[in-house]
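Biologist: I'd like to learn how to read a model like this one, feature by feature. Can you take me through it?

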Amino acid sequence: MAGIENLANQPDIATQETGEEVAEVLAGMKLIPSLVFLDPCGYKGLSLGLINSAVKDWACECVFFFNYNRINAGLGNVSVTEHVDRIFGRSRAERLRQNIKGESPQAREALILKELVASLTEVHGKFVLPFRFRSPTSKRTSHYLVFVTKKFMGYDRMKDVMAGASTTAPQGVPSFEYNPTARLQFQFDRPLDELKERLLTEYAGRTIRVGNLYEADSIGTNYLKRNYKKALLMLEADGSVEVEAHRPGTLGDTKRVRFPCRPEM
C-alpha cells in the first residue's frame with residue numbers, strides 16, 4: 001500500500017476467515033472509537049456476537065452488509081441453519097421460520113427486518129438503521145446496509161447521510177432506499193400528512209420541546225428533524241397546535257409545542 005510507511009501509527013493488517021474466533025478477539029479487546037464495516041461473503045461469518053463485539057466500546061459503531069436475498073432463502077434451507085441462527089439468535093430464528101410461512105414477499109421482508117432489529121437492540125446496539133437496495137432488474141430487495149450504534153447522536157447523523165443517498169423523498173421525507181426502478185408513483189405518497197395526524201393523536205394534551213419530540217418519536221421512522229419541524233409549522237399555521245414564540249419559518253429545538261386534547265370518539 002503506497003505511503004503506508006509515512007503513517008505515524010501504521011495499521012496492523014491480518015487476513016483470516018471471518019467467524020466466531022474474530023468475534024472473540026474483538027470481544028476481548030478495548031477498542032478505540034471506531035466505525036467497523038462488516039462485509040461477509042453471503043452470510044457466512046456474520047453473527048450477533050461479531051456485531052456486538054464491534055460496537056461494545058465507547059464511540060464504536062458498525063455498518064454491515066445484510067444479504068437479504070441469501071438470508072431470506074437460507075431461512076428455509078436446513079444446510080445453513082447454523083449460519084442463519086448466528087445472525088438472529090437460535091430461538092428468534094426458529095420463531096421467524098414459523099412466522100414467515102405462507103406470508104407475502106412484502107410481509108416476509110418486514111418480519112425478517114423486525115426480528116433483525118430486535119436482535120441487535122437486545123445487547124449493545126440501541127439504535128439500528130437499515131438502508132435498502134432494490135434490484136436493478138426487478139422490484140425485489142437485493143440487500144441492506146445496516147448501521148448499529150449506542151447513541152442517538154450517531155443514529156441522527158447517519159440518518160442524514162442515508163437520506164442524501166435515498167432515491168426518492170416524497171414531501172421531503174427520504175425513502176432510505178436506493179431504487180433504480182423508481183417511478184412517478186412516489187409523488188402520490190404523503191408521509192408528512194401521516195406524521196401530522198399521528199402527532200396530533202399520540203401527543204394530544206401534551207407540551208413538549210421540539211428537540212425532545214424528535215428524539216423520542218423518530219426512532220424507527222424515516223423522518224428527519226427537518227421533517228418534524230416542517231410538520232409542526234404546518235400544524236401551527238392551520239391552528240392545530242400552539243408553538244412558543246419563534247421567528248417566522250424557523251423552529252428551534254428548545255421551542256415548546258402544545259398539542260390540544262382530542263375529543264373522545
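Modeller: Let's begin with a term: buried means under 20% relative accessible area, and exposed means over 50%. By that cut-off, tyrosine 203 and phenylalanine 259 are both buried. Keep in mind that this is a predicted model.

Biologist: Which residues do ring pairs link into a cluster?

Modeller: The cluster consists of Phe127, Phe152, Tyr155, Tyr214, Tyr223 and Tyr228.

Biologist: Let me pick tyrosine 155 out of that. Where is tyrosine 155 found, and is it buried or exposed?

Modeller: Helix α7 holds tyrosine 155. Its relative accessible area is 1%, so tyrosine 155 is buried. Leaving out residues up to four places away in sequence, tyrosine 155 touches Phe127, Val128, Leu129, Phe147, Thr149, Ser218, Ile219, Gly220 and Thr221. Take isoleucine 219: 64 residues separate it from tyrosine 155 in sequence, yet the C-alpha to C-alpha distance is 8.7 Å.

Biologist: Now the sheets. How do I read strand order, and what is the order in the sheet of 5 strands?

Modeller: The general idea is that strands of a sheet pair through backbone hydrogen bonds, either parallel or antiparallel. In this model, the open sheet of 5 strands runs β1-β2-β4-β3-β5, with mixed pairing. Its edge strands are β1 (35-38) and β5, each pairing on one side only. Within that sheet, β3 (residues 127-134) and β4 (residues 141-149) are antiparallel partners over 8 bridges. Phenylalanine 127, for instance, has threonine 149 in β4 as its bridge partner. Helix α7 lies across β2, β3 and β4, at about 15° to β3.

Biologist: And which strand does β1 run parallel to?

Modeller: β1 runs parallel to β2, and 4 bridges join them. The chain gets from β1 to β2 through α2, and this β-α-β crossover is right-handed. Across the pairing, phenylalanine 37 stands opposite valine 63 in β2.

Biologist: Which residues lie on the covered face of β1?

Modeller: The general rule is that side chains in a regular strand alternate between the two faces of the sheet. In β1, Val36 and Leu38 make up the covered face, with Leu35 and Phe37 on the uncovered one.

Biologist: What is the strand order in the sheet of 3 strands?

Modeller: That open sheet has the order β6-β8-β7, with antiparallel pairing. β6 (207-209) and β7 (242-243) are the edge strands, each pairing on one side only. β6 is joined to β8 (residues 256-258) by 3 bridges, and arginine 209 has arginine 256 in β8 as its partner. Helix α9 (residues 210-217) lies across β6 and β8, at about 90° to β6.

Biologist: How many disulfides does a search of the whole structure find?

Modeller: The general idea is that two cysteine sulfur atoms within 2.5 Å count as a disulfide. The search finds 0. For cysteine 62, the closest cysteine sulfur belongs to cysteine 60, 10 Å away, so it is too far for a bond. Cysteine 62 is buried, with a relative accessible area of 0%, whereas cysteine 261 is exposed at 64%.

Biologist: Last one, backbone angles. What is phi of alanine 59 near, and what about phenylalanine 176?

Modeller: Phi of alanine 59 is near 60°, a positive value in a residue other than glycine. Phenylalanine 176 also has a positive phi, near 55°. Alanine 59 lies in the loop between α2 (48-55) and β2 (61-66) and is partly exposed, at 35% relative accessibility. Phenylalanine 176 is in the loop between α7 (152-164) and β5 (177-178), and it is buried, with a relative accessible area of 4%.

Technical notes
Residues numbered from 1 in each chain as written. Predicted model: local features only at pLDDT ≥ 70, side-chain atom pairs only at ≥ 80, totals over all residues. Heavy atoms only, no water. Helix = DSSP H or I, 4+ residues; strand = E, 2+ residues; numbered from the N terminus. Buried < 20%, exposed > 50% of the residue type's maximum accessible area, 1.4 Å probe, protein only. Pairing = 2+ DSSP bridges. Contact = heavy atoms within 4.5 Å. Axes fitted to C-alpha atoms, helices over the stretch in contact; angles between N-to-C directions. Phe/Tyr/Trp six-rings, centres within 6.5 Å; stacked < 30°, edge-to-face > 60°. Right-handed = clockwise from strand over helix to strand, strands pointing away.
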